[in-house]
Amino acid sequence: MTRPYGVKGGRKRKHAEPKYDEEDQETQPKKAVVEVEHNKEEEQQQQTPEGDELSGIPITPSENNTNKPNVIFILEKASLEVAKVGKTYQLLNSDDHANFLRKNNKNPGDYRPDITHQSLLSILDSPLNKAGRLRSVYIRTEKGVLIEVKPFVRIPRTFKRFAGVMLELLQKLSISAVGKREKLLRTIKNPVTQYLPINSRKIGLSYSSEKLVDMDDYVSTVPSNMDLVFVVGAMAHGKIETDYTEDYVASVY
Amino acid sequence: MTRPFGVKGGRKRKHAEPKYDAHDEEEEEETQPKKTVVEVEHNQEEEEETPAPAPEDDGLSGIPIAPSANNTNKPNVIFILEKASLEVAKVGKTYQLLNSDDHANFLRKNNKNPGDYRPDITHQSLLSILDSPLNKAGRLRSVYIRTEKGVLIEVKPFVRIPRTFKRFAGVMLELLQKLSISAVGKREKLLRTIKNPVTQYLPINSRKIGLSYSSEKLVDMDDYVSTVTSNMDLVFVVGAMAHGKIETDYTEDYVAISGYPLSAAYCITRITGALERKWKIL
């Protein structure tokens with residue numbers, strides 16, 4: 001079951017500390033460490049607040065109530081696929097592997113892990129997440145692999161590094177924090193419905209839906225204590241069709 | 001001066017057509033020799049790869065690409081991305097747009113901090129602006145990018161920049177070397193470098209707002225835009241760098257729109273979202 005949120009808060013504070021010890025960490029040799037260090041290195045590349053301001057704002061609100069409704073995002077049809085290109089295994093994408101993909105009778109335009117990367121950044125960068133209201137992010141790949149992303153993870157901000165982390169995840173099934181046993185990213189068993197709260201509304205987003213809503217109005221119709229699950233397609237073309245969504249809405253062009 | 005929006009609408013419709021001729025498009029691309037043409041075709045190719053699920057044919061015919069009722073006297077919005085790191089250097093045998101992933105060693109050798117070279121932030125910010133319903137509804141007047149080195153770039157709202165970073169870097173490299181990027185077979189400049197200062201391109205009756213996490217003025221963006229006079233154009237100045245603050249002499253106001261530090265792209269979605277609600281763009 002979910003742990004009290006205070007524990008996550010504690011973890012976040014620990015993560016914040018390494019900002020001041022970056023050089024020390026560079027000496028650690030383990031590969032997993034290197035991967036996670038990339039995450040931390042990226043953290044500094046975010047527009048971080050100045051030191052003075054950091055002390056004035058808690059990373060998580062201390063009065064957080066674990067009974068408040070949370071939100072979950074599910075990214076469907078993400079193209080996260082590994083293949084051996086030349087001598088090494090790589091995460092396939094349309095820019096770097098167009099020739100390889102065409103040789104294998106595949107359409108390069110369908111291989112867009114950059115969409116997944118941008119979607120994750122959008123979710124994890126949000127004040128909603130920083131305020132602690134994001135419960136989890138699930139990614140389901142085109143091949144059917146299901147991945148859980150913890151809300152406190154800091155994924156690499158540049159695509160090249162993101163591809164490296166996802167490659168390792170798909171090969172080793174999980175990514176851990178430095179020196180900790182907590183899994184930041186891990187592959188989990190299907191179906192995704194077993195991880196969703198019982199009392200939750202599952203909403204699919206689709207441009208082709210006949211139901212065009214104003215998102216502000218739409219969320220205001222949901223009861224205040226209900227968790228929300230949004231299902232978004234992380235592919236370049238096509239539609240998502242899942243058996244667990246209750247409603248499809250279009251809220252943008 | 002600005003042209004009536006109808007002309008832009010016409011252009012957009014032309015751009016929309018290639019969706020039905022993807023194969024022809026790809027064949028044409030291979031036969032045309034000019035580099036400029038190739039670059040712009042990449043833009044068109046990227047159009048097919050836009051992440052939003054493509055509308056069905058039936059759906060497309062029912063919705064005009066640009067609202068015909070548009071009134072050119074409606075207020076518009078302009079975005080200025082400041083301190084963008086768009087810098088070209090000769091790495092090995094070729095000129096390249098410097099970034100922290102690919103050129104970390106080169107940058108350190110030249111006593112520069114790789115973490116300061118983040119053109120991917122500019123790319124994400126541009127996608128955030130150009131992908132917004134606000135832009136698709138025709139309310140975005142222009143985007144200006146000012147680089148760390150002081151180069152000023154104008155981006156037309158109807159441009160479709162490449163969606164992957166590698167291609168974006170290629171287009172920006174060409175822009176910085178040749179000073180403009182044109183559409184295929186047209187003389188219209190989609191991207192071009194222009195003379196400083198940026199203030200000469202801004203409307204006279206406009207409010208210039210800088211965004212900064214460190215501002216003492218924390219506002220709800222919805223409330224803030226509602227205080228602006230309905231007929232006033234808005235200019236938002238966002239920093240497109242990894243660290244630091246923007247300080248420009250032409251901004252009238254600095255606001256923080258969240259109690260948490262925001263990435264540039266996320267900050268922009270907050271702004272475009274608020275304007276969409278104010279101007280009733282769904």
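**Salt bridges and nonpolar cores**

A:K143 and A:E81 form a salt bridge, with their closest N and O atoms 3.9 Å apart. The model is predicted. A:K143 sits in the loop between β4 (134-141) and β5 (146-149) of chain A, and A:E81 in the loop between β1 (71-78) and β2 (82-85) of chain A, so the pair ties together parts that are 62 residues apart in sequence. The two partners fall into separate accessibility classes. A:K143 has a relative accessibility of 58%, and because the threshold for exposed is over 50%, A:K143 counts as exposed. A:E81 has 17%, which is under the 20% limit, so A:E81 counts as buried.

Over all chains, the structure holds 21 salt bridges. Side chains of opposite charge can pair when their charged atoms come close. Another pair in chain A joins A:K150 to A:E148, again with 3.9 Å between the closest N and O atoms. Both A:K150 and A:E148 are buried. A network of salt bridges links A:E148, A:K150 and A:R186.

In chain B, the side chains of B:E82 and B:R146 meet in a salt bridge at 3.2 Å, N to O. This pair links distant parts of the chain. B:E82 belongs to strand β1 (residues 77-84) of chain B, and B:R146 to strand β4 (residues 140-147) of chain B, 64 residues apart. B:E82 is buried, with a relative accessible area of 5%. B:R146, at 21% relative accessibility, counts as partly exposed.

The nonpolar residues were examined next. In soluble globular proteins, nonpolar side chains tend to be buried together. The largest nonpolar core has 56 residues, among which B:F236 and B:I271 touch the most other members. Helix α10 (residues 264-278) of chain B gives the largest share of this core, seven residues. Neighbours within four places in sequence aside, B:I271 is in contact with B:F79, B:L211, B:M221, B:F236, B:V238 and B:I257. A second, separate core has 39 residues, including A:L134, A:I147, A:F152 and A:A236.

Chain A was also described as a whole. Chain A has nine helices and ten strands. Of its 253 residues, 51% are buried. Among contacts in chain A with a separation of 6 or more, 72% come from residues 24 or more positions apart. Chain A exposes about 12,700 Å², of which carbon and sulfur atoms supply 49%.

Notes
Residues numbered from 1 in each chain as written. Chains lettered and ligands numbered in written order. Predicted model: local features only at pLDDT ≥ 70, side-chain atom pairs only at ≥ 80, totals over all residues. Heavy atoms only, no water. Core = buried A, V, L, I, M, F, W, Y, C linked by side-chain atoms within 4.5 Å. Buried < 20%, exposed > 50% of the residue type's maximum accessible area, 1.4 Å probe, protein only. Helix = DSSP H or I, 4+ residues; strand = E, 2+ residues; numbered from the N terminus. Contact = heavy atoms within 4.5 Å. Areas by Shrake-Rupley, 256 points an atom, 1.4 Å probe, with all protein chains shown as cover. Salt bridge = Lys/Arg side-chain N within 4 Å of Asp/Glu carboxyl O.
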